[in-house]
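Visitor: I am new to protein structures and would like a tour of this one. Could you walk me through it step by step?

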Amino acid sequence: MDKKWLPLTVVLGAATVAVVTASVWPDDVEKPQLSKSLCHGALSREAAELIDDGKGGEVSAEEWESKGSTTDYAVFRGCHVQRANSENDEYPRGVAKLVVADTRAAPYIKEGSTRLGTGFDGWALPDQAEVTLPAGCAVRMGSTAPYITATLAVPSQDKERLARRGETPLVDADTALHNNKIVMRDVATRLAERYGCAD
């Protein structure tokens, strides 16, 4: 082949590969629909997206479930709420942990926290929150314990932990507090409706 035609041949070959690639992976193919609920159905995707460490990324959850050795500890379900990393989607980063468990400890309000609002027995801080489900939920969920609580931990708002690492929160405390209240109200509402134990 004449050397002057070689560059053109290379360009045409590359264009052909591009066309073939485009036909195999078209841009307009619909992605699988994301689940609308996470954490064993305790959390809506909209509420989960409020748990933010300031770095963005698609929300997902890694769930687990276990049972204690007695009927007094029959409910223990949890999940890690995660966000996709832009540089490596295969390894999402954990942004929060939500645990739903039965307990004999009576509900309380943590010092310095904010109540969740009318109709909800719980409290919130920027880095953690807790809500107790309505009476009757424990029995409906298979426990002989008197209470079921949902507990949220948000490490990206833990000031002591961040100070040890020389970091500061990327989301301001008031926003995080507001969002945690919404998240816990969502959890309590969804679980009470699911198990038919709403007040």
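**A guided tour**

Guide: Happy to! This is a predicted model, and the protein averages a pLDDT of 83, with 78% of the residues scoring at least 70.

Visitor: Where is confidence lowest in the protein, and at what mean?

Guide: Strand β8 (residues 128–132) marks the top end, at 98. Over residues 4–27, by contrast, the pLDDT is below 50, and beyond near neighbours in sequence this stretch has two contacts in the model. Confidence is lowest in helix α1 (residues 6–24), at a mean of 42.

Visitor: Which element gives the most to the largest nonpolar core?

Guide: As background, nonpolar side chains tend to be buried together in soluble globular proteins. Here the largest nonpolar core has 36 residues, and L43, I51, V81, L98, L152 and M184 touch the most other members. Several elements each supply at least two residues, among them β4 (76–83), β5 (93–103) and β9 (147–153). With seven residues, the element that gives the most is α5.

Visitor: Which residues does I51 touch, not counting residues up to four places away in sequence?

Guide: I51 is one of the core residues that touch the most other members. Leaving out residues up to four places away in sequence, the ones I51 touches are L43, V81, R83, V95, A96, L152, V154 and V183.

Visitor: How far does α5 reach from its first C-alpha to its last?

Guide: Helix α5 (173–194) has 22 residues, and at 1.5 Å a residue a span of 32 Å is expected. Its buried residues include A176, L177, V183, M184 and L191.

Visitor: What lies at the start of α5, and what comes just after it?

Guide: At the start of α5, a side-chain oxygen of D172 comes to within 3.2 Å of the backbone nitrogen of D174. Just after α5 there is a residue with a positive phi of about 65°, and that residue is G196.

Visitor: What is the relative accessible area of H40?

Guide: H40 is found in the loop between β1 and β2 and also has a positive phi of about 60° although it is not a glycine. H40 is partly exposed, with a relative accessible area of 21%.

Visitor: Are the rings of Y108 and W123 stacked or tilted?

Guide: The pair links distant parts of the chain, with Y108 in the loop between β5 and β6 (114–115) and W123 in strand β7 (residues 121–124). Y108 is partly exposed at 43% relative accessibility, whereas W123 is buried at 2%. The ring centres are 6.0 Å apart and the planes lie at 50°; planes under 30 degrees apart would count as stacked and over 60 as edge-to-face, so this pair is tilted.

Conventions:
Residues are numbered from 1 along each chain as its sequence is written. This is a predicted model: local features need pLDDT of at least 70, side-chain atom pairs count only at pLDDT 80 or more; totals for chains, interfaces and linings use all residues. Side-chain values use heavy atoms; hydrogens and water are left out. pLDDT is the predictor's confidence in each residue, from 0 to 100. Helices (H or I, at least four residues) and strands (E, at least two) are DSSP runs, numbered from the N terminus. Contact means heavy atoms within 4.5 Å. Buried means under 20% relative accessible area, exposed over 50%, partly exposed in between (1.4 Å probe, protein chains only). A nonpolar core is a set of buried Ala, Val, Leu, Ile, Met, Phe, Trp, Tyr and Cys residues joined through side-chain atoms within 4.5 Å. Rings of Phe, Tyr and Trp (its six-membered ring) pair if their centres lie within 6.5 Å; planes under 30 degrees apart count as stacked, over 60 as edge-to-face and the rest as tilted. The expected span of a helix is 1.5 Å times one less than its number of residues. A polar contact is a pair of N or O atoms within 3.5 Å; within protein, one must be able to donate a hydrogen and the other to accept it, and residues adjacent in sequence count only if both atoms are side-chain atoms.
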